[in-house]
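Welcome! Take a moment to look over the sequence and the fold before reading on.

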Amino acid sequence: MTPLASLMVALALGQSSAPYVRSRVDAGDTRTQCLYWTAERITWHQSTYGNPATAGETEFEAMRRSFQSWQDIFAQCGNLALEEGPRVNAREVGYTREGDNINLVLFRDRDCHAVVPEDDACWDDETCSNTYDCWEDDDNTIAITLTTYDERSGIIYDSDISFNAARFSFTTADGGTCFPPVTANCVATDVQNTATHEIGHFVGLDHTYALGSTMNPSAPPGEVSKRTIDSGSRDFVCKVYPQGGASQACLHPTVEAELGPKGGTGCAASGSVAALPALAAWALWLSRRRRREEGVR
Ligand SMILES: [Zn+2]
């Protein structure tokens, strides 16, 4: 589909083409709180395994460049720091009450359908990916960001990015488009292109159909344009994570209460800044939810 045709479809379906769209507690529901980090430093880790099918260790460097592109913007106008921690052997995504809960980036290069028995309970529980270290989600999904957040405050606790290396051939070179099995010195599915998009989810962005956005939900073979973060996504960083200020919620709790469940006004940039409660206090008694972010397709 051409970009214009895909935009027309998006508009017909009521999907947004705003410069940026924030992720919500309930995806797309502007009556619910936006998702955002309040920590000043967010450490992320790459799985030591990397992706053996990508040339050399170039996938690690491509991932670093993707985070650096976002960090460059945060350094200019944002209030948090994205820092790479040491590589880890961990292979589990998601959040547990006990445990390290590191923000993990990993490639899954085995299809669960090939390694998990059909009658395994993990299919219903959606735990096959962690239990068997395999790609469990949709075959056409290139990558997924799994974010855990407080469903009342929208504050993010943990976010992990998984790449579908069971289906896609990830490359790191520049050049023309190629199709597997040809993947040398050309672009099949670009690591940096994919990671830059997923890190957008990691920091609280949802998809938009705005032309040229890093957060456009589709990515054809050979694409590298999402490596460069667009101006709309840049604005998101500057406005939601303002330098010298608090990270911005979308709904002020008292306003929400006064207006009732249908009264949410969304993310007015000029809206008052919500006074955030202490994270620990909220975390003690509010339930947490896991959320699947569809990756680029
Ligand atoms: Zn996505």
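A disulfide joins C34 to C250, with 1.9 Å from S to S; the term stands for a pair of cysteine sulfur atoms within 2.5 Å. This is a predicted model, in which local features need pLDDT of at least 70 and side-chain atom pairs count only at pLDDT 80 or more, while totals for chains, interfaces and linings use all residues. Residues are numbered from 1 along each chain as its sequence is written, and side-chain values use heavy atoms, leaving out hydrogens and water.

Back to C34 and C250: the torsion about their S-S bond is about -85°, so this disulfide is left-handed. The pair links distant parts of the chain, 216 residues apart: C34 is in the loop between β1 (21–22) and β2 (41–46), and C250 is in the loop between α7 (231–240) and α8 (253–259). Here helices (H or I, at least four residues) and strands (E, at least two) are DSSP runs, numbered from the N terminus. C34 is buried at a relative accessible area of 0%, and C250 is buried at 11%. Buried means under 20% relative accessible area, exposed means over 50%, and partly exposed lies in between (1.4 Å probe, protein chains only).

| Pair | S to S distance | Torsion about S-S | Hand |
|---|---|---|---|
| C77 and C238 | 2.1 Å | -70° | left-handed |
| C178 and C186 | 2.1 Å | 85° | right-handed |

C77 counts as buried because its relative accessibility is 17%, while C238, at 27%, counts as partly exposed. In the other pair of the table, C178 is buried at 5% relative accessibility, and C186 is buried at 7%.

Now for the backbone. Most residues other than glycine have a negative phi, and most peptide bonds are trans. Which kind of peptide bond, cis or trans, runs from P180 to P181? That bond is cis, with omega near 10°. P181 is found in the loop between β7 (170–171) and β8 (189–190).

N185 also lies in the loop between β7 and β8. Phi of N185 is positive, near 55°, in a residue other than glycine, and N185 is exposed, with a relative accessible area of 70%.

D133 has a positive phi too, near 50°. Its place is in the loop between α5 (128–132) and β5 (143–150). With a relative accessibility of 22%, D133 counts as partly exposed.
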